[in-house]
Amino acid sequence: MTFKEKYGKTALVAGASEGMGAAWANTLAGRGFDLVLIARRKEPLEATARQITGQYGVKVLPVTCDLADADATQQIINAIGDMPVDFLVYNAALSYIGPYLATGLQTHTDIAKVNMLTPMAMLHYFGGKMAERGKGGVVLMASIAGFQGSGYLSTYAATKAFNRVLAEGLWYEWRPKGVDVIACCAGATATPNYINTNPGKASSLEPKPQLPEQVVEECLQRIGTTPSFISGTGNKLVTFLMQHIFSRKKAVEMMGDSMVKMYGVKG
Ligand SMILES: NC(=O)c1ccc[n+]([C@@H]2O[C@H](COP(=O)([O-])OP(=O)(O)OC[C@H]3O[C@@H](n4cnc5c(N)ncnc54)[C@H](OP(=O)(O)O)[C@@H]3O)[C@@H](O)[C@H]2O)c1
């Protein structure tokens, strides 16, 4: 059975115009899926949609929507009508690097909305429909930053722990209903968002950033086989050390120290 036969006809990628999201959209189009692509900025989103239609000949519906909006899921449902979504990738994330208290509560609240509340709502609606049909696939993008407290990235890292744990629970609940759920725990990946943070090097052991396409391919190899996975050999090794060799206290200190070295943050 091909990937498309297993999961269906249409994939929705939330956060799809560039970087990892565009890699998801291109890879799924390469496997024959029609697409619904979501992002805030109309121009880059429509450019990605045109590139994909031209290259793969699949149907692409771009939908501009801010996933921080309380009614984001309803906006998407209004835009797509009763078109079934067979494969859902929740890729978008908001992050803030810096001292927790140096930005207003609104920033932390927006991070919680984009990274936790909207994926929860989208899974409830689209995942619910998949469960009714007895078929579907869901990817929640998580991060190895979410395996322990990460100073100066505290709220983002906490939301990435939420993504992983939510996906793992739903993997168990929905497996008997024919719906595969997976958390893709990526490490540093060379997306415009990551590159724009202009990170310095934390240590000589730090894994080289992966390419977005590598992360996506690894995830597609693993979906259906496991509730969550860590992409990249270097990231697997670092996470193993942080989880099983160092104490929790040491792991949290190492993460915080890395953030200080990479971004020169203090306070
Ligand atoms: N890059 C890394 O190093 C890395 C490492 C670990 C995990 N991850 C995870 O991988 C995923 C993708 O990472 P990335 O941050 O590098 O992003 P990306 O895939 O390069 O781009 C973000 C995409 O999401 C859209 N987007 C962002 N905020 C949005 C919002 N509020 N509403 C609608 N669309 C939105 C952006 O378009 P607009 O700006 O036009 O909205 C863009 O298309 C995230 O879940 C992240 O946590 C990334």
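This tour moves through the structure in a series of selections and describes what is found at each.

The model is predicted, so local features need pLDDT of at least 70 and side-chain atom pairs count only at pLDDT 80 or more, while totals for chains, interfaces and linings use all residues. Residues are numbered from 1 along each chain as its sequence is written, and side-chain values use heavy atoms, with hydrogens and water left out.

Please select S17, which lies in the loop between β1 (10-14) and α2 (19-30). Helices (H or I, at least four residues) and strands (E, at least two) are DSSP runs, numbered from the N terminus. Is S17 buried or exposed? S17 has a relative accessible area of 12% and is buried. Buried means under 20% relative accessible area, exposed over 50%, and partly exposed in between (1.4 Å probe, protein chains only).

Next, display the surroundings of S17. Neighbours within four places in sequence aside, S17 is in contact with A22, A39, R41, P44, L45 and T48. Contact means heavy atoms within 4.5 Å.

How many salt bridges does a search of the whole structure find? The search finds nine. A salt bridge is a side-chain nitrogen of Lys or Arg within 4 Å of a carboxyl oxygen of Asp or Glu.

Select E18 and R41, whose side chains meet in a salt bridge at 3.5 Å, N to O. E18 lies in the loop between β1 and α2, and R41 in the loop between β2 (34-39) and α3 (42-56), so the pair ties together parts that are 23 residues apart in sequence. E18 is partly exposed, with a relative accessible area of 32%, and R41 is partly exposed as well, at 45%.

Move on to R31 and E217. Their side chains also meet in a salt bridge, at 3.1 Å, N to O. R31 lies in the loop between α2 and β2 and E217 in helix α8 (residues 212-222), so this pair ties together parts that are 186 residues apart in sequence. R31 counts as partly exposed at 28% relative accessibility, as does E217 at 32%.

Now select D110 and K113, which form a salt bridge at 3.9 Å, N to O. Both belong to helix α5 (residues 105-133), where, being three residues apart, they are separated by about one helical turn. An α-helix has 3.6 residues a turn, so residues three or four places apart point the same way. D110 is partly exposed, with a relative accessible area of 22%, and K113 is partly exposed, with 25%.

Select residues 233-245, which make up helix α9. This helix has 13 residues and reaches 17 Å from its first C-alpha to its last, close to the 18 Å expected at 1.5 Å a residue. The expected span is 1.5 Å times one less than the number of residues.

Which residues of α9 are buried? They are N235, T239 and M242. Seen down the axis of α9, the buried residues fall within an arc of 65 degrees, so they line one face of the helix. The arc is that of the directions from the helix axis to the C-beta atoms. Among the elements that cover these buried residues are β7 (228-230) and α10 (248-263).

Turn to the other side of α9, where T233, L237, H244 and I245 are exposed. I245 counts as exposed at 54% relative accessibility. I245 also belongs to a nonpolar patch on the surface, together with L237, F240, L241 and F246.

After α10 comes G264, whose phi is positive, near 60 degrees.

**Last stop: a distance across the model**

Finally, select E253, which lies in helix α10 and counts as partly exposed at 38% relative accessibility.

Notes:
Patch = residues over 30% accessible without salt bridge, like charges linked within 9 Å, V, L, I, M, F, W, Y side chains within 5 Å. Areas by Shrake-Rupley, 256 points an atom, 1.4 Å probe, with all protein chains shown as cover.
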